[in-house]
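Dear colleague,

I am passing on the structure we spoke about, placed just below this paragraph. My notes on it follow, and I would be glad if you read them with the model open beside you.

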Amino acid sequence: MSKNRKSRARLTIIQTAQDIILIAIGILLAAVGLKGFLLPNGFLDGGVTGISLLISRLTGWSISVLLIVINIPFILLAYKQLSVGFTVRALCAILGLAAALVFIHVPTITSDKLLIAIFGGFFLGAGIGMSVRGGAVLDGTEVLALYINRKTILSMGEVIMYFNIVIFSVAAVLINVETALYALLTYLSASKTVDFIIQGFEEYIALTIISDESELIRKTLTLSLRKGVTVFKGQSGFGKRGSVDRDIDIIYTVVTRLEVHKIIDEIEKIDEKAFIVQHNINDTKGGMIKRRATHH
């Protein structure tokens with residue numbers, strides 16, 4: 001076996017080990033959220049987990065069994081629409097969560113409704129987010145959202161929102177409005193936590209830089225800061241002195257949120273009057289940016 005193959009095999013083993021650890025942590029965090037907060041107090045959440053909690057509360061059936069059974073259609077959908085590797089990880093993660101709910105004892109942490117909604121959602125969201133970073137899901141709703149997104153004009157966020165509106169409406173009718181409202185609060189807490197865990201400090205910011213010192217800024221970004229850039233050829237339209245008609249270089253680069261201030265400081269050292277536009281982007285692929293862990 002060549003050195004390159006050995007190196008790739010070693011990296012694959014390391015990555016797989018990291019994924020397993022992330023999924024395991026995700027399972028434990030979700031179990032804490034469910035057994036320490038939501039289940040003992042009859043609280044609900046959104047997605048497949050919310051459906052399982054609702055049915056369990058109304059019928060007394062095992063939450064572990066419901067999580068597996070209700071997620072089966074989504075696992076089959078993942079097998080058809082996504083990779084086999086992702087499907088196996090998702091199945092293992094869901095089975096792991098079901099087992100954790102049976103075998104791991106977590107004491108009831110609080111009976112305060114507001115704390116239950118916020119921190120129950122936080123722990124559940126943290127668990128889902130860690131599992132996603134490990135290349136799996138603990139809730140099949142995301143798989144359904146991805147499938148519908150590919151088939152319709154609806155975004156994944158819209159699909160998940162409509163799905164949860166139905167769940168919360170059913171909870172309001174079958175149980176009471178207060179339970180549905182707390183379920184909504186739990187869902188919001190969980191979804192924001194998921195966003196932070198997945199994006200967090202690695203949230204990507206795109207910078208568009210227009211400056212008379214564009215060449216020096218480009219060299220600083222690429223040679224000193226080791227950032228990939230794209231240079232667009234543009235033309236000035238209007239300046240402080242009125243109409244301007246000259247060619248300019250427009251620099252475009254993508255960095256993480258933590259790097260933004262440092263890079264802007266370096267740019268302003270070169271040209272304090274540089275025009276810099278920042279905007280958030282959801283994800284990147286290829287280039288010099290390491291893509292976030294998602295579905296393998």
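**What was found**

Among contacts in the chain (heavy atoms within 4.5 Å) between residues at least 6 apart in sequence, 74% join residues at least 24 apart. Please keep in mind that this is a predicted model, in which local features need pLDDT of at least 70 and side-chain atom pairs count only at pLDDT 80 or more, while totals for chains, interfaces and linings use all residues. Residues are numbered from 1 along each chain as its sequence is written, and side-chain values use heavy atoms, with hydrogens and water left out.

The secondary structure of the chain comes to 10 helices and six strands, where helices (H or I, at least four residues) and strands (E, at least two) are DSSP runs numbered from the N terminus. Of the 296 residues in the chain, 42% are buried, that is, under 20% relative accessible area with a 1.4 Å probe and protein chains only.

The unreviewed UniProt entry places the feature "transmembrane region" at residues 20-38, 58-79, 86-108, 114-138 and 159-185; such annotations may be inferred rather than shown by experiment. In the model, residues 58-79 are 86% helix and 0% strand, with the end C-alpha atoms 31 Å apart, and residues 159-185 are 93% helix and 0% strand, with the end C-alpha atoms 18 Å apart.

Helix H5 (residues 113-133) and helix H8 (residues 177-198) have axes that come within 7 Å and cross at roughly 35°, the axes being lines fitted to C-alpha atoms over the stretch in contact and the angles running from 0 to 180 degrees between N-to-C directions. By class, the contact of H5 with H8 has 14 nonpolar, six polar and three charged residues, with Gly counted as polar and Asp, Glu, Lys and Arg as charged.

Turning to the sheet, four strands form an open sheet in the order E2-E5-E1-E6, with antiparallel pairing (two strands pair if DSSP finds at least two bridges between them). Strand E2 (229-235) and strand E6 (275-281) stand at the edges, each with a single partner strand, so one side of each is left without a neighbour in the sheet. Strand E1 (residues 204-210) pairs with E6 over seven bridges, and Ile209 has Ile276 in E6 as its bridge partner.

Two helices lie across these strands: helix H9 (residues 214-224) across E1, E2 and strand E5 (247-256), at about 25° to E5, and helix H10 (residues 260-270) across E1, E5 and E6, at about 165° to E6.

How values were computed:
Buried < 20%, exposed > 50% of the residue type's maximum accessible area, 1.4 Å probe, protein only.
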